[in-house]
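Colleague: Could you walk me through this model? I would like to take a few local features one at a time.

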Amino acid sequence: QVHLVESGGGLVQAGGSLRLSCAASGNFLTVNVMGWYRQAPGKERELVASITADKSTNYADSAKGRFTISRDNAENTVYLQMNSLKPEDTAVYYCNADIWTWSVGGSRAYWGQGTEVTVSS
């Protein structure tokens with residue numbers, strides 16, 4: 001069983017900052033790509049940022065220059081530092097990780113339960 005547990009969401013004023021965390025736990029061998037997605041009301045889920053095990057990063061255009069993704073491989077944890085937040089960043093943020101488990105005999109994607117971020121104007 002693999003679990004992704006997120007924390008760090010909340011209400012913040014425009015221009016403020018939040019730091020999201022997501023820790024993977026359970027019985028697995030390796031955690032490969034980890035990432036953050038978000039889904040605003042009435043919209044599809046979209047990639048915000050991702051990071052490989054060797055810490056190569058990828059950002060959505062909307063996140064570039066404001067958000068920073070990082071990870072602690074020893075703790076199987078990924079972070080998303082969000083600065084200069086805008087009302088349009090309001091969404092539920094989901095952690096995603098590609099994890100190799102013995103039970104599957106390979107890698108598959110796992111999702112966290114989501115953490116809500118609300119940016120007021």
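Colleague: How many disulfides does the count come to?

Modeller: Happy to start there. A disulfide is taken to be a pair of cysteine sulfur atoms within 2.5 Å. Cys-22 and Cys-95 form such a pair, with their sulfur atoms 2.1 Å apart. By this rule the count comes to one disulfide.

Colleague: Before we go on, what should I know about the model and the numbering?

Modeller: This is a predicted model, where local features need pLDDT of at least 70 and side-chain atom pairs count only at pLDDT 80 or more, while totals for chains, interfaces and linings use all residues. Residues are numbered from 1 along each chain as its sequence is written, and side-chain values use heavy atoms, with hydrogens and water left out.

Colleague: Which hand does the disulfide of Cys-22 and Cys-95 have?

Modeller: The pair links distant parts of the chain, 73 residues apart, with Cys-22 in strand E3 (residues 18-26) and Cys-95 in strand E9. Strands (E, at least two residues) and helices (H or I, at least four) are DSSP runs, numbered from the N terminus. The torsion about the S-S bond is about -80°, so the disulfide is left-handed.

Colleague: Are Cys-22 and Cys-95 buried or exposed?

Modeller: The terms rest on relative accessible area: buried means under 20%, exposed over 50%, and partly exposed in between (1.4 Å probe, protein chains only). On that scale, Cys-22 and Cys-95 are both buried.

Colleague: Staying with strand E9, is Thr-101 buried or exposed?

Modeller: Thr-101 is found in E9, which covers residues 91-101. Setting aside neighbours within four places in sequence, Thr-101 is in contact (heavy atoms within 4.5 Å) with Val-2, Asn-27, Phe-28, Gly-106 and Tyr-110. Its relative accessible area is 1%, so Thr-101 is buried.

Colleague: And Ala-109: how far in space is it from Ala-97?

Modeller: Ala-109 belongs to strand E10 (residues 106-111) and, at a relative accessible area of 38%, is partly exposed. Apart from neighbours within four places in sequence, Ala-109 is in contact with Asn-96, Ala-97 and Asp-98. Ala-109 and Ala-97 are twelve residues apart in sequence, and their C-alpha to C-alpha distance is 5.6 Å.

Colleague: Next, the hairpins. Which residue in the hairpin of E4 and E5 takes a positive phi?

Modeller: Strands pair if DSSP finds at least two bridges between them. Strand E4 (residues 30-39) and E5 pair in the antiparallel sense over five bridges, and Tyr-37 has Leu-47 in E5 as its bridge partner. Six residues lie between the strands of this hairpin, and the one with a positive phi, near 80°, is Gly-42.

Colleague: Which residue takes a positive phi in the hairpin of E5 and E6?

Modeller: E5 and E6 run antiparallel and are joined by three bridges, with Ile-51 opposite Thr-57 in E6. The loop in question runs between strand E5 (46-51) and strand E6 (57-59). Of the five residues between the strands, the one with a positive phi, near 75°, is Lys-55.

Colleague: What is the phi of Ser-84?

Modeller: Most residues other than glycine have a negative phi. Ser-84 lies in the loop between strand E8 (77-82) and E9, and its relative accessibility of 41% makes it partly exposed. Although Ser-84 is not a glycine, its phi is positive, at about 50°.
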